[in-house]
Amino acid sequence: MAPSPIYGDRPVVLLTNDDGPPSASSPNIFSFCKLLQTRLGWDVKVVIPDRQKSWVGKAYAISDVIAASYFYPLEPDGLNGEITTTARPLREGETMEWIMLSGTPATCTNIALHNLYPGEIDLVISGPNHGRNSSTAFALSSGTLGAALAGALSIPLPGPSTGLASLHEDHIPCIAVSYGVVTRPVTENVTILATEISVDICKKLFEDWGADEGPSSSTSSTTGKEKNKVQIYSVNVPLIEDALIESNRKVCWTGMWRNSYGQLFKTTKMSKSNYDPGDLSTQKQEQNKPQTASSSSSSHLSSKTSTAGPAALPTPDPSSPSLGSNNDSKQAQEQGEPLKFHFAPNMKPLLFPPIESLPIGSDAWAFAKGYVSVTPIRAEYAGLVDGTWGFGSEEGNGGKVGPGTIWE
C-alpha cells in the first residue's frame, strides 16, 4: 500500500504508554521520544498516565474525572523536570512539554486524539513498555496494547482546523512497542540498541504500511473480504545485547501465541501493597536523584514499583506480612477473618516455556530465538471462521452455518 498520508510536511506522532513518566518503572520513553525527534525528525506529542498503569488493558474509568498536568522533562534522562497544572512557555534547558493525565492508557489515547490534538495526529505509538507483550496472556492484559487498541477504535477523527478533510475516518496507524527483559541488570547499551531498532521499525512500518485482507467491517463473514490497512502492529524487542547488535539482529513477521496465565492472586495479610525499590542498582540510584518537580506531584517521577512489565514484576517487600497459600482463603473464611488478596502471579511458565512447545512463527517463538517480532493485529475479538458455527451435535452432518442463519 502507499505510504501513510500526513497532514503537514512531517509526521505528527502521539506517543503514550502505560508505565507513566520517566522513573525506575518507566525507563524507556524519554530516550525513545528523543530518538524519534532527532533521527526521524518527527513531531512528537506525549500524552501519558501520570503514574504507572500496567495490566489495565483497554480500560476506561468512566466514573473518574480526568485531570491533566504538564511535565517539562530535562536532559539527560527525563527524571527531573517541573510539573505544573497549567501550560507555560518552555524555559531554558527545556525542549518538550508532555501532558500527563490521571487516567488509563486508553483514556490518554482517546483524549489526545479528540480533545488535545484533534485533526493533528498522523500516527499513534504506545510504549516502549518495560516488559514483553508477546502472547495473548500478556497482550490482552497490557495497557500498552490497550492504548494502541484505543487508537484503532477512536475513529472517526476530525480533520485539522485548516478545513482539510480528515485522514482518519476509518483508520489511524497504531504501533505498540515492548521491550522484553531477559537478563538483569539491563545495561545502557542494550537499551540504546533496543531503542534504535524500535525507531527504525516504526519508520519502516509507517512508510510502507501493510494491508489486512480480512473481512469487511460490516460483517464477520470472510465472504466479504476487503483490502484495508492493518490497524495495529505489536512490536516485541528481546533485550539481548548480542541479538540486537546490527550485524546479528533479525526482525520477523509473527502471529500471536495463544496461551493463558492461570492463577494471578494469593491470599495476603498485608494492609496495602508494599514493594521494595527493586533489585537493580541503577534503579535505586535513579530513585535517589533529587527531583525538581512540584512537591505535590514529585512522587510520580520516583515510583517505588521496581518494574512494571510482566517480564519484570515487582516483588513484595520482605518486611511485609507473609503471603498465604491457596488454602489460606478457606481457613480465613472458616475462622471469620477478612479475605484479602495480593497480585502475585507465577510468570515462569509464560516467560520461559520450552521452545519446542511454541508454534513456529509465533511472537513467543521469535522472542525465544532472540528475534524482534512484528505482529499485525485487529481491534476485535477473534471470532470463528465460517463453517465452524453451530451446535456440537451438528458436527459431521453438514449442519454448520454462517452469520445470519436463524435458529430452528
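Visitor: What does Arg-51 form a salt bridge with?
Guide: In this predicted model, Arg-51 forms a salt bridge with Asp-50, and the closest N and O atoms of the two are 3.4 Å apart.

Visitor: And is Asp-50 buried or exposed?
Guide: Asp-50 is buried, with a relative accessible area of 9%, whereas Arg-51 has a relative accessible area of 42% and is therefore partly exposed.

Visitor: How many salt bridges are there by this rule?
Guide: The count comes to eleven salt bridges. One of them is formed by Asp-200 with Arg-39, where the closest N and O atoms are 2.8 Å apart. That pair links distant parts of the chain, since Asp-200 is in helix α5 and Arg-39 is in the loop between α1 and β2, 161 residues apart. Asp-200 counts as partly exposed at 31% relative accessibility, and Arg-39 is partly exposed with a relative accessible area of 39%.

Visitor: Switching to rings, how many aromatic pairs does a search of the whole structure find?
Guide: The search finds nine aromatic pairs. Among them, Trp-42 and Phe-206 have ring centres 5.6 Å apart and planes at 70 degrees, so that pair is edge-to-face. Trp-42 sits in the loop between α1 and β2 while Phe-206 belongs to helix α5, 164 residues apart, and the pair links distant parts of the chain. Both Trp-42 and Phe-206 are buried.

Visitor: And how are the rings of Phe-71 and Trp-98 placed?
Guide: Their centres are 5.9 Å apart with the planes at 80 degrees, so Phe-71 and Trp-98 are edge-to-face. Phe-71 is in strand β3 and Trp-98 in strand β5, 27 residues apart. Phe-71 counts as buried at 0% relative accessibility, and Trp-98 counts as buried at 0% as well.

Visitor: Last one, α1: how many of its residues are buried?
Guide: Seven of the ten residues in α1 are buried, so this helix is mostly covered; the buried residues include Phe-30, Cys-33 and Lys-34.

Key: Residues numbered from 1 in each chain as written. Predicted model: local features only at pLDDT ≥ 70, side-chain atom pairs only at ≥ 80, totals over all residues. Heavy atoms only, no water. Phe/Tyr/Trp six-rings, centres within 6.5 Å; stacked < 30°, edge-to-face > 60°. Helix = DSSP H or I, 4+ residues; strand = E, 2+ residues; numbered from the N terminus. Buried < 20%, exposed > 50% of the residue type's maximum accessible area, 1.4 Å probe, protein only. Salt bridge = Lys/Arg side-chain N within 4 Å of Asp/Glu carboxyl O.
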